[in-house]
Amino acid sequence: MDFTISEEQRLLCETVEKFARKEVAPSLAAREESGEFSREIWQKMAAQGLLGLCIPEAYGGGGCDALTTVLAMEAFSRGSRDLGMTVAWPSHLLLAAMPIVELGSEEQKRKYLPPMAAGQSIGAMALTEPEAGSDATALRSTAQRDGDYYLLNGSKTFISNAPVADLLLVFASVDLSKKAGGLTIFVVERDTPGLTLGPPLKKYEGATSPTGEVFFDDCRVPAANLIGSEGGGFAAMLMSLGWERLAFAPIVGAMEADLADCIDYAKQRVQGGRPIAKHQLVQALLAEMKMDLEASRFLAYHLAWKMDQGEATGLDAAVAKTFITEAYERNSRKAVQVFGGYGCMREYPVGRSLWISKMTTIGGGTSQIQRTIIGRMLASM
Ligand SMILES: Cc1cc2nc3c(=O)[nH]c(=O)nc-3n(C[C@H](O)[C@H](O)[C@H](O)COP(=O)(O)OP(=O)(O)OC[C@H]3O[C@@H](n4cnc5c(N)ncnc54)[C@H](O)[C@@H]3O)c2cc1C
């Protein structure tokens, strides 16, 4: 195992972090307040090569491996503190584009990937439904063949990027009686007749990444837009989960930024005649945050490294996702504690992590479901 950062990777991280500090961070508070998804920032991210980072070069991307992608996402998150954008970007790149890279036909890749890498087409992945969350096989959206088309009916909810998406990777069933065996993936373009994208849902935090509902009413999707094979959606979902799990890599950058803020604040804030950083119980909070940060970083790099070797398993992905998101949740509570009352004020960014970290333990498979997966795999070894 070798996590040595190459000179090229170091330079990329430096450039990405600098870009995030200069172009993304300054407008964050205002965008959070207004709940705005910034197309201007999206375009700047595209110009930096971020939106197509791990899309192969042949389709307009950067051709980066998984570890480099993780490093860049971590650097972006550390520099920008834009927790919404660090959901929007992986949702586009890892959840929508990478399944097309891995499962799409040559024609589909040539059609969809270059505009995604260039920032002209925003991607989303639509699996969850109002009645089918943890149990994705219970989904009710159907796809009925009609000549050269499929007619999609049903609805989706909690879909990251949906309100602004140009292209959605949609899971629907060609045969509900087959449960998982009926699941099929389609690319549905924004202007497809019968598709309605709802307005952004109101979340507690992370408003710079719009999350919304999607409705299909005899939505007429060309048969050419089917990704993979009829009924192959469930297997595809399991296969692309490795990339989805990397969507949690930016968390490492967010945890690092929160800890740095806590250390600075603890050195400055004087109580009981000395900086609170001199109080051992405050030091204990910082020490615990550091341990969780480094363990999370290791797990994120380890998963990415294994993916690059073609060795990552569902177990690795579930362990990394669960530990990193829960460590973030623990750290965000401690960060607010270090700041005391100021931690509860929007003036200081650490409080934002409280809600975002909670959401990360739910989105992409809840902590309970991950434990079920890990436990089941261990028991069957
Ligand atoms: C901010 C955000 C962004 C999201 N983005 C997307 C997206 O881009 N695309 C997408 O498709 N989905 C997305 N989701 C949806 C997300 O994947 C689901 O919310 C998640 O899978 C849980 O489903 P649910 O909300 O219906 O909860 P439920 O499945 O109803 O779960 C409720 C509770 O019951 C527990 N539970 C359920 N089943 C079991 C079980 N078998 N054993 C033990 N405990 C169980 C859960 O752990 C949880 O605590 C997003 C969600 C959020 C919050």
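The following dialogue discusses how to read several features of this predicted model.

Reader: Into which domains is the chain divided?

Author: There are domain 1 (7-122), domain 2 (124-237) and domain 3 (248-379). The C-alpha centres of domain 1 and domain 2 lie 23 Å apart.

Reader: How many residues does the contact take from domain 1 and from domain 2?

Author: Domain 1 gives 24 residues to this contact and domain 2 gives 20 residues. On the side of domain 1 that touches domain 2, the elements giving two or more residues are helix H2 (28-34), helix H5 (85-103) and helix H6 (106-117). H5 provides the largest share of that side, 10 residues. By class, this side of domain 1 has 12 nonpolar, eight polar and four charged residues.

Reader: Turning to helix packing, how is the angle between helix H1 and helix H4 to be read?

Author: Angles under 35 degrees count as roughly parallel. Helix H1 (residues 7-24) packs on helix H4 (residues 66-80) at an angle of about 30°, and their axes are 7 Å apart. H1 is therefore roughly parallel to H4. The crossing of the two helices is right-handed.

Reader: Which residues of H1 and H4 meet?

Author: From H1, the residues include Leu-12, Cys-13, Val-16 and Ala-20; from H4, among them are Leu-71, Ala-72, Ala-75 and Phe-76. The residues of this contact of H1 with H4 divide into nine nonpolar, four polar and four charged.

Reader: At what angle do helix H11 and H13 pack, and how far apart are their axes?

Author: For helix H11 (residues 314-339) and H13, the angle is about 145° and the axes are 9 Å apart. The crossing of H11 and H13 is left-handed. In H11, Gly-314, Leu-315, Ala-318, Val-319, Lys-321, Thr-322 and Glu-326 take part, meeting Ser-367, Gln-370, Arg-371, Ile-373, Ile-374 and Met-377 of H13. The residues of this contact of H11 with H13 comprise six nonpolar, four polar and three charged.

Reader: Which residues come nearest to the ligand, and how do the residues of the shell divide by class?

Author: Of the 20 residues around the ligand, the nearest are Leu-127, Gly-133, Ser-134, Thr-366 and Gln-368. By class, the shell has eight nonpolar residues, 12 polar residues and no charged residues.

Conventions: Residues numbered from 1 in each chain as written. Predicted model: local features only at pLDDT ≥ 70, side-chain atom pairs only at ≥ 80, totals over all residues. Near = placed C-beta within 6 Å. Nonpolar A, V, L, I, M, F, W, Y, C, P; charged D, E, K, R; others polar. Axes fitted to C-alpha atoms, helices over the stretch in contact; angles between N-to-C directions. Helix = DSSP H or I, 4+ residues; strand = E, 2+ residues; numbered from the N terminus. Parallel < 35°, antiparallel > 145°, perpendicular 65-115°, else oblique. Left-handed = near helix turned anticlockwise from the far one by under 90°. Contact = placed C-beta atoms within 7 Å. Domains from an automatic or database assignment.
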